[in-house]
Each structure stands twice: as structure tokens, then as C-alpha cells.
Amino acid sequence: MSPFFSKRRVSFVSGALLCASLVSACSSMEPAQGVSARNELKPQATATTQSAPKDENFTARMAPPPPSTPAAAPAAKKRGDVAAAPAPLMVEEREASDALAAPEPAMRRAPPAKEAKAAMTMGAATGALGGAPAQPQQPLEKRKMEMDGDKGVAEGGNVFETYKANAFTETDKDNLSTFAADVDTASYSMARRYLQQGQLPPTHAVRVEEFVNYFKYRYTPPEEGAFTVHLEGAPSPFNARRQFVRVGVQGKVVSRSQRKPAHLVFLVDTSGSMASSDKLPLAIESIKVAVKNLNENDTVALVTYAGSTRDVLAPTPATDVKKIHAALDTLVAGGGTAMGSGMETAYKHAVKKAAGGVVSRVVVLTDGDANIGPNLTPKAMLASIEKYVAEGVTLTTVGFGMGNYHDSLMEQLADKGNGNSFYVDSMKEARKVFETQLTGTLEVIAKDVKFQVEFNPKAVTRYRLMGYENRDIADKDFRDDKVDAGEIGAGHTVTALYEVELTGEAQDLATVRIRAKAPNGTEAKEQAFPLTRAKLKPSMEAASSDFRFAVAVAATADILRAAPAAEGWSLATTQKLAEGAVAGDSDRTEFVRLIGQARALTTASATGR
């Protein structure tokens, strides 16, 4: 038989089989009325369009994002077909007895799995432009991203690294807990955005230490040296057999007028994926905020990357605001994302100014999407720039937008680039990051900062570090000064919380050791601080407001990420604890409202609405 007739025969048989399948499907289909009735019993999710960040000084310059970008808010909750997002529960509207009146419904979300085999609902639904309702989310299999050692889980187009929550450790088997300092805050601001859009954040997006360190704590600054350590403990409100213990570190404060001159190289992603109001326009306004808060001896350079890398602005005095703004106002989005090439170009500029008397830093502003060119993975990017890192150039990564945000990439780059990772979801957050956290803490006061807590087996039977899974250091590497760790900038605070079980009457519970190098040093110095029973308060109510708030934040994060050790914990309890420790702080007040939103979403998910 000729190939022509063979193909015709195959086509005829395929058509016959297709017709038979359609007839079978139609004969088994239920009446339309029955389908309609079922749909009425289960409300369909609705989508709302997310506008540009609300701010009186911020005007979106870009056209509305295409359907593939996250401008359309989620059409349904990640787990449980919840209808329109419940409004946040305002604290003042609740009755006083409501906080602990009934057990909190268990969140219908699986705990973080090491393998991404379980079926999950993928991220935010996308809909037509102009606020038209989007189609309800469809369950899709969560996929594991493995790119040359970069392993993460993709949820709704956003990629997050997977970390297994710390479990309890028996003290008589291992009494040392060692980790690096971390002052990143990206996880909290991203989770806040999920909650404000009516979704529980993905479990993988929640990092406890970044929730805790987002907030300010009133630790006494050091009179001399780089930092002071503040230790405190109190009984757990979740388990009468346990205590919470806090290790708080306050870096020395360096005033704006006293800090070293800074050279900032802003590396801006201008690829097509940045073409939405909450990405490139917000990034441009953020840089303007930073420039406004720089000193007269500071300089600024601007590099962009899309399909290619472009030098937009040579090193320019920060006082030449008109020239800097003019360069920023020329930026438009379009093309692919050659992030690796842009990184290397920015570092080449930064290293020219790196010296003992100048703070030289690369600030990356992107959605973290890298899809073309060399050095697509964190490992490859860092390999290409590690020589510049060794010469003292630090790195800050600032994330924007959702829908294709590569949180995993941003976090790893910041950790290995001796810097910090932030996420900006509004002009309010832009001011906090670029006015206070970036320009106010440019000067590094201690590098390769490591913590090691040695628990006394005669006083502590078990312990668990809350968070810092991605900053874990082998106990044997604590005094190995070649092992990289975290940096602390001027004025930074670092807070870590442990959950412990006590035994016996021994007064010495633990010894907290901190090892760090001077900003330009190669050998670390070590300090030790005793944690005794005298540091433990008789009740949670007797503890400081900073301690109570930190516990509330850490516990909330553990609940949101479904940590096994937090099973049975209640958001009602964390909300009540946080309410009593607000102390007039606006960020803390907002956090209390977010817990209320999380409770509403949890209740909706548990009841199947």
C-alpha cells in the first residue's frame, strides 16, 4: 500500500474512533439542569483585578500587564474552593472573648514535602484584562524545579526553595545548634501580599526567621564593640511543658553622616516580564527613594538587562538628582532576561570603587526570572562573580511582582553575595526598604556572623530552632573562618527563637556564642553569653512586649508553613499574643490584621466555602 493510502487509512480509523468516543460521552452525560443544580451548591470563585500599588506619589507608567502577569488577583484560594476573599477581621470589631473561644480550624493544606509529587493548586488564576472574571483555578501537579542544583517548587508560576522545618533535637545526643545570621525580610512581605489578595501563602514561601526579623525590636545598642546580645525566655502558651527562648542581637548604630561613602550600582531588570505596574514602575520609584536618602559623597550607577546588557548611567554623584531621574525615566520593559550577563557587568562596575573607605554594593531589582543567556542558575551566576564578592562588593536583591517570581533565586543570590533579600509589594514597602533598610544600613559592621548555642543536657532535654533552615552550619564549621556566614549592617537586629523542654534544677541552661569578623578582617573573634534560669520569666505575660511579639510572629509563621512541631497550635492564640504587644507600632498593628485575615481564610478553607 502506498504511503498516501496508508495515511488516509489511519486518518479514517482515527476519525471513526473519535466519533465513537463522542457518542459514548454524550450518552452518559447528565441533563444540563442537574449540572446547574450542583454548581449552585458549590459557589464558584471570583477574580478581582489588582491595581497598581496605592500611593499618592506613585503613578503607573506601563500599560496594563498581559494575562500571563499577576495583575489579575487569584480567582480561588490555593486549597479549598473559597469564594470571594473574606475581608480582614479588624481587631476592634471582635469581641474580647473571641480570640480563644473555640479551637482554630485546621488548615486544609499539606505540610511541606521533600518531594514534589503531591497534586496542588497552582497559584493565581489569570483572567481577561480590565477586571473580567478569570476562570477558577484548576488543580495542577506541583512540579520540582531542578536546574543545575537550583531546586525549588513552582506554585502559580512563583518558585520557592523547599526546606524541611527543624525538628526537636535530644540534647544528650547533640547539644550544639549552629547557624548563620540572617536579616532578610522578603518572605514576610510576600506572604503579606498573598494574604491581602485573599490567599494563604504557599507553605514553601514562609521562612520563620524572615517573618521575625521584619519587625523592629527595642534592644539596647552596644556601648562598645559591634553588637550586644539580649537573652530572654518564658513559658509557651501552646504547651505547658515547653518554654520559648529568644536570642536577640543589636548591631551598633552608625549615623547617616558618619557612615562611609557608598557606591551603589543599581541593576534593573527591564525584560518583558517586568511590564506590569507592580514591577518596573515600582522599581524605578524605589530607586528614586534611595537616591533621595544618599549622602553628598555617595555615587550611583545604573545598568539594565533584558535581551542584552546596557550601561545606562556611569557613576554619578547622588546629588545630581536631575541626571539620575532622567536616566531612570528612559527605562521601558521588553525582551528576554539575560540576568547572568547583567550581574557580571554590574559587579565589574562595583569592584572599581570597592575599597576600605567606600561601601560598594550591587542592588538587583527584578522579578527573579532568568530565561536566556549564560549563567541561568544561582550556582552559575555566583561562580562568575565570586571574585568580585571576595573583593568586598556586597549584594542586595529586591523582588517585585508575582506570577513568575523566582524567590529561590533571589534568596540564594543574596545569601551567597554577602547581602540581603527584600520583596517590595507597594510604595509603602519601597520606602521602608530603600529609605531605612538599604540606605540606613549600608555599612557592614560585622561579616561572617555565626551563632552557636550550646545547651546544657542537665537543664534542657530537647530543643528546636524556629527557622534558619537555609542558614544551617555544621557544628564543626563554627570556628572555621573559611566558612561563609551572614553579615550584620549598622543598626541591624537579628532575632532567633528556640522552643525548649527543661528538666532538673540546673541554673545554667545554655551558652550562646557569636563569632564574627571585622568588615575587612580575615580572622573572627568570639564572644560567649550565658543563658541562665534567671533570664526566664514566670509567665508569658511577665515577659517583655518585644519577646511576646516575636513569639507571636514565629508561631504564626510556623502555623502558616504547617510545621509538624506546630500541629495543634492556634492562630487565635498568636493573634491575642500579638495584640497585647503592639506597643503603638504600625507594622505590628498591620500584622495583627493579617493574622485575622489568615484566620478567616483558614475558616473558609476548613468549611469548604
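## An aromatic cluster

Phenylalanine 215 and phenylalanine 591 are both buried (under 20% relative accessible area; over 50% is exposed and in between partly exposed, with a 1.4 Å probe and protein chains only). The model is predicted, so local features need pLDDT of at least 70 and side-chain atom pairs count only at pLDDT 80 or more, while totals for chains, interfaces and linings use all residues. Residues are numbered from 1 along each chain as its sequence is written, and side-chain values use heavy atoms, with hydrogens and water left out.

The structure holds 19 aromatic pairs (Phe, Tyr or Trp rings, the six-membered one for Trp, with centres within 6.5 Å; planes under 30 degrees apart are stacked, over 60 edge-to-face, the rest tilted). Tyrosine 188 and phenylalanine 591 form a tilted pair, 6.2 Å centre to centre with 45° between the planes. This pair links distant parts of the chain, 403 residues apart: tyrosine 188 is in helix α3 (residues 186–196) and phenylalanine 591 in helix α13 (residues 586–607). Helices (H or I, at least four residues) and strands (E, at least two) are DSSP runs, numbered from the N terminus. Tyrosine 188 is buried, as is phenylalanine 591. Phenylalanine 215 and phenylalanine 591 pair edge-to-face, at 5.6 Å centre to centre and 70° between the planes. Here too distant parts of the chain are linked, 376 residues apart: phenylalanine 215 lies in the loop between α4 (208–212) and β8 (227–235), phenylalanine 591 in helix α13.

Ring pairs join Tyr188, Phe211, Tyr214, Phe215, Phe549 and Phe591 into a cluster.

## The six-stranded sheet

An open sheet of 6 strands runs in the order β12-β11-β10-β13-β14-β15, with mixed pairing (two strands pair if DSSP finds at least two bridges between them). β12 (309–317) and β15 (420–424) stand at the edges with a single partner strand each, so one side of each has no neighbour in the sheet. From one strand to the next, the twist averages 15° (axes are lines fitted to C-alpha atoms, for helices over the stretch in contact; angles run from 0 to 180 degrees between N-to-C directions).

Strands β10 (residues 262–269) and β13 (residues 359–366) run parallel, joined by 7 bridges. Leucine 267 stands opposite valine 364 in β13. Helix α6 (residues 321–328) packs on the sheet and touches β11 (299–305) and β12. The direction of α6 makes about 170° with that of β12. Contact means heavy atoms within 4.5 Å.

## Strands β16 and β18

Strand β16 (residues 444–455) pairs with β18 in the antiparallel sense over 3 bridges. Valine 449 stands opposite glycine 486 in β18. From β18 (residues 486–489), Gly486 and Ile488 point one way, Glu487 and Gly489 the other, and all are buried.

## Asparagine 158

Asparagine 158 lies in strand β5 (residues 158–161). This residue is buried, at 2% relative accessible area. A polar contact of 3.0 Å joins its side chain to that of tyrosine 194 (N or O atoms within 3.5 Å; within protein, one able to donate a hydrogen and the other to accept it, and residues adjacent in sequence counting only if both atoms are side-chain atoms). The asparagine 158 side chain also reaches the backbone nitrogen of tyrosine 405 at 2.9 Å. Leaving aside neighbours within four places in sequence, asparagine 158 contacts Val153, Tyr194, Met402, Gly403, Asn404 and Tyr405.
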